[in-house]
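Trainee: Please give me a close look at one part of this model, the interface. Then set it in its wider surroundings.

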Amino acid sequence: MKKVLSMLLVMVMVAALFAGCGSSEPAKTETTETETSTETATETETTETATETTEEASDEEVEVNIFQFKVEIVDALENAIEQYKAVAPNVTVNLQTVGGGDDYGAALRAQVQSGNEPTIFNVGGPQDVEDWMSKLAPLNDAPWADLVLDGVASGVTVDGNIYGLPYNIEGYGLAYNKAIFEAAGVDASSITTFDALENALATIQTKIDAGDLADQFPLLEAAVSYAAKETWVTGLHSSNMVFANEFSSSIETFNAPSIEFKNAEGFKAYLDLMAMYSAHADNTEGMIGVDYATQVDEGIAIERVAVIQQGNWIYGGVKNVDEVVAENLGFLPLPLKGVQEDSIAVGVPMYWSINKDTDEAQQKAAMDFLNWLYTSDAGKQIVVNEMFFIPPLKGYDDVQPADPLAKDILAYANAGKTMPWVFMGYPTDWGMGVLGDGIQKYYAGVSTWDDVLEEVKASWAESRK
Amino acid sequence: MKRSKLWYWLFVGPALFAFTLVVIIPMFRGVYFSFAEWDGISNDVTLVGLDNYLRMFTDEQFFASARFTALFAIVAVISINFFGFTLAMLVTRGIKGSNVQRSIFYMPNLIGGLILGFVWQFIFIRVFGEFGDMFGLEFLKNWLTNTQTGFLGLIILMTWQMAGYMMIIYIAAIQGIPESLFEAAKIDGANAWERMRHIMLPLMMPAFSIGLFLTISNSFKLYDQNLALTNGGPYSSTEMLALNIVATAFTNNELGYAQAKAVVFFLVVGAITLTQMRITKKKEVEM
């Protein structure tokens with residue numbers, strides 16, 4: 001993902017160069033496009049579900065500008081926009097995507113400062129809501145507001161007002177390849193503790209080293225791949241299990257003036273485990289070179305490794321490489337030794353928000369579009385089957401996600417074996433910039449674990465002053 | 001006289017207007033923001049006096065970035081100019097195909113910094129790694145995962161990109177020297193080294209002024225290549241000043257503090273390049 005993100009960032013930057021020369025041009029061409037395509041698109045089934053919106057909407061041309069972060073859904077979203085032209089012919093939806101937590105926030109600020117404010121943009125949690133409060137329109141009246149699943153919108157609810165529509169529900173844990181586990185004779189369902197996981201990884205690694213699995217999986221070289229280069233994997237996602245057991249929610253995390261880091265030992269055990277059964281076991285500095293692509297596209301997707309710490313968002317990417325492997329994926333729990341060993345982390349990555357500094361008509365059209373996307377039948381199809389989302393709303397009984405990772409998340413959720421995402425409540429840049437760097441220093445051997453702990457605790461307290 | 005003044009403003013006016021609009025005004029605005037605290041979103045900009053400037057003295061990451069940038073600039077300036085000059089010497093020897101070689105050496109400069117960064121990232125990590133595995137050479141493995149290889153990577157990348165550009169400047173200078181001077185020196189018994197040392201180099205001084213100016217300012221201001229190749233990693237140890245300033249502004253949302261850093265950065269780079277220009281200008285000789 002990160003690689004794609006970087007490439008996207010490159011493209012956006014290049015595009016920005018040209019945008020300077022003729023920013024009024026693209027809007028014009030897009031409108032003409034809408035006019036020509038509406039004639040052909042009227043026959044699609046979407047019309048019946050959204051007649052309401054068409055009636056309400058006036059004939060006036062309205063432009064809705066979406067500035068969003070999720071690179072993986074760009075095609076699906078473009079398809080949705082295409083279909084929406086039939087529903088509301090007078091609305092032109094422009095889509096712009098800049099990926100990644102960090103990159104997106106910076107790009108959004110730049111966008112707003114340039115005076116080119118988007119109608120729909122994304123916020124990620126309490127910190128974003130506080131930062132952007134002056135621009136967020138309350139969405140209590142939206143038809144989906146009552147349908148949001150319990151607790152899913154707590155991060156964007158302030159004083160009873162809801163300021164964002166959750167994208168989807170995502171979960172991450174240790175994604176594993178069922179075929180490799182089977183071939184190695186490891187029963188994945190029994191892995192509900194840290195020790196069981198360690199035993200399983202040891203068994204697999206021993207068999208790899210002995211060459212027992214080489215016939216079936218010629219590329220298999222290590223049990224685990226862990227992307228320490230991606231500080232969001234280490235500093236945000238992994239560390240989440242520590243703080244999900246120190247605080248109850250992202251709001252509580254956000255309000256915490258300092259941290260105890262009381263489960264630091266369990267966290268260290270996890271980091272050591274990830275290193276010990278990786279391809280960089282004898283030189284952990286090499287862990288810092290492992291990025292998302294190495295972990296996913298050149299890792300689990302080609303059966304070079306059996307287990308990675310990632311979420312259900314990898315499904316589409318793995319499927320593009322090897323459909324069989326994608327169907328063989330499942331989740332093992334993310335174990336925090338001695339504390340919580342049988343759960344995966346489940347949460348909402350981002351929320352759709354509407355900019356109240358744009359025109360009334362634009363806001364209305366934006367609201368209608370989001371509503372159509374998440375509650376109409378055609379929209380639901382796109383959300384579930386094209387974006388591969390786990391829906392964050394009620395009323396999706398007839399359209400359920402089909403991919404194995406999403407199914408596993410639902411299974412964990414139904415069994416109550418989940419922990420919330422609290423990393424959204426970390427101080428700005430603490431997770432990636434401070435803790436993520438600290439973990440890299442630990443792997444590189446330039447800092448001891450205790451020094452890292454000292455530093456990250458001090459930094460947290462400093463940012464909360 | 002009156003007429004020429006009109007022409008003068010007719011030509012200078014539009015450019016001056018644009019320059020004022022996109023450089024001068026933002027710069028003064030920037031200086032203003034450097035005395036303020038601002039998160040980049042809200043409209044309340046609180047003036048905090050010199051706080052932002054004083055804070056820099058206790059900012060370890062800022063100093064680490066400054067040190068890294070300075071070290072990079074010194075090594076990069078030497079290496080870029082050395083290779084640029086060497087290449088210029090090579091392709092002015094009248095060897096067959098030297099025109100083709102000129103184009104090839106110049107070509108890296110036509111590729112954007114970000115793309116180069118990603119291309120070299122691939123080379124350093126994948127290609128070097130493969131060769132390391134193949135021949136059992138440990139030092140080729142795990143590039144860009146520590147500060148040393150990150151530094152070396154940046155130097156190699158920048159030299160590869162900028163040397164061709166410097167080469168063009170030096171070629172022009174070398175070709176500007178009349179052949180008769182060399183012939184006269186040859187007759188007087190000067191050997192190749194003496195001809196270079198006492199005729200060529202002094203007469204090339206204007207080119208060195210430009211070359212040094214461009215490489216020094218470019219090395220200090222390096223951003224794209226740094227972002228694409230290492231993005232400051234591992235553990236922010238290869239984060240150069242420009243990247244540090246952008247991170248302060250857009251990741252930590254402290255636009256005022258970032259502006260203060262940028263102002264200091266501007267003054268330092270300005271002082272260094274102006275000093276260099278003064279020194280090298282003095283050494284320029286008339287033919």
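Mentor: Start with a term: a salt bridge is a side-chain nitrogen of Lys or Arg within 4 Å of a carboxyl oxygen of Asp or Glu. This is a predicted model, where local features need pLDDT of at least 70, side-chain atom pairs count only at pLDDT 80 or more, and totals for chains, interfaces and linings use all residues. Residues are numbered from 1 along each chain as its sequence is written, chains are lettered from A and ligands numbered from 1 in the order written, and side-chain values use heavy atoms, with hydrogens and water left out.

Now go to the interface of chain B and chain A. The rule finds one salt bridge across it. Glu298(A) and Arg126(B) meet there through their side chains, at 2.3 Å from N to O. Polar contacts cross the interface too. A polar contact is a pair of N or O atoms within 3.5 Å; within protein, one must be able to donate a hydrogen and the other to accept it, and residues adjacent in sequence count only if both atoms are side-chain atoms. Six residue pairs meet that rule across the interface, both partners at pLDDT 80 or more. Look next at helix 5 (residues 113–135) of chain B. This helix supplies five residues, the largest share of the side of chain B that touches chain A. Helices here (H or I, at least four residues) and strands (E, at least two) are DSSP runs, numbered from the N terminus.

Next, the extent of the interface. Contact means heavy atoms within 4.5 Å. On that count, 20 residues of chain B touch 28 residues of chain A. The size of an interface is often given as the accessible area lost when the parts come together. That loss is the buried area, found with a 1.4 Å probe and summed over both parts. For chain B and chain A it is about 2,200 Å², with 56% on carbon and sulfur atoms. Three residues of chain B lose the most area to chain A: Ile41(B), Tyr235(B) and Phe250(B). Together they hold 31% of what that side buries.

Now chain B itself. It has twelve helices and two strands. The C-alpha atoms fill a box of roughly 75 × 75 × 30 Å along the principal axes. Of the 287 residues, 43% are buried. Buried means under 20% relative accessible area, exposed over 50%, and partly exposed in between (1.4 Å probe, protein chains only). The accessible surface of chain B is about 16,000 Å², and 69% of that belongs to carbon and sulfur atoms. Accessible areas come from the Shrake-Rupley method with a 1.4 Å probe; for residues, only the protein chains shown count as cover.

Chain B also has a nonpolar surface patch. Its members are Phe17(B), Phe19(B), Leu21(B), Val22(B), Val23(B), Ile24(B), Ile25(B) and Phe28(B), with about 780 Å² of accessible area together. Patches are made of residues with over 30% relative accessible area and no salt bridge: like charges are joined within 9 Å, nonpolar side chains (Val, Leu, Ile, Met, Phe, Trp, Tyr) within 5 Å. Take Ile25(B) as one of them. It sits in helix 1 (residues 2–33) of chain B. Its relative accessible area is 45%, so Ile25(B) counts as partly exposed.

One loop of chain B deserves a stop. Asn253(B) lies between helix 11 (241–250) and helix 12 (255–283). This residue has a positive phi of about 60°, although it is not a glycine. Asn253(B) is buried, at 11% relative accessible area.

Phe261(A) lies between helix 11 (250–255) and helix 12 (264–276) of chain A. At 3% relative accessibility it counts as buried.

Finish at Ser239(A), in helix 10 (residues 231–243) of chain A. Its relative accessibility is 0%, so Ser239(A) counts as buried. The Ser239(A) side chain makes a polar contact with that of Tyr426(A), at 2.8 Å. Neighbours within four places in sequence aside, Ser239(A) is in contact with Thr234(A), Phe267(A), Tyr426(A) and Leu435(A).

Notes
Buried area is the accessible area (1.4 Å probe) that two parts lose on being put together, summed over both.
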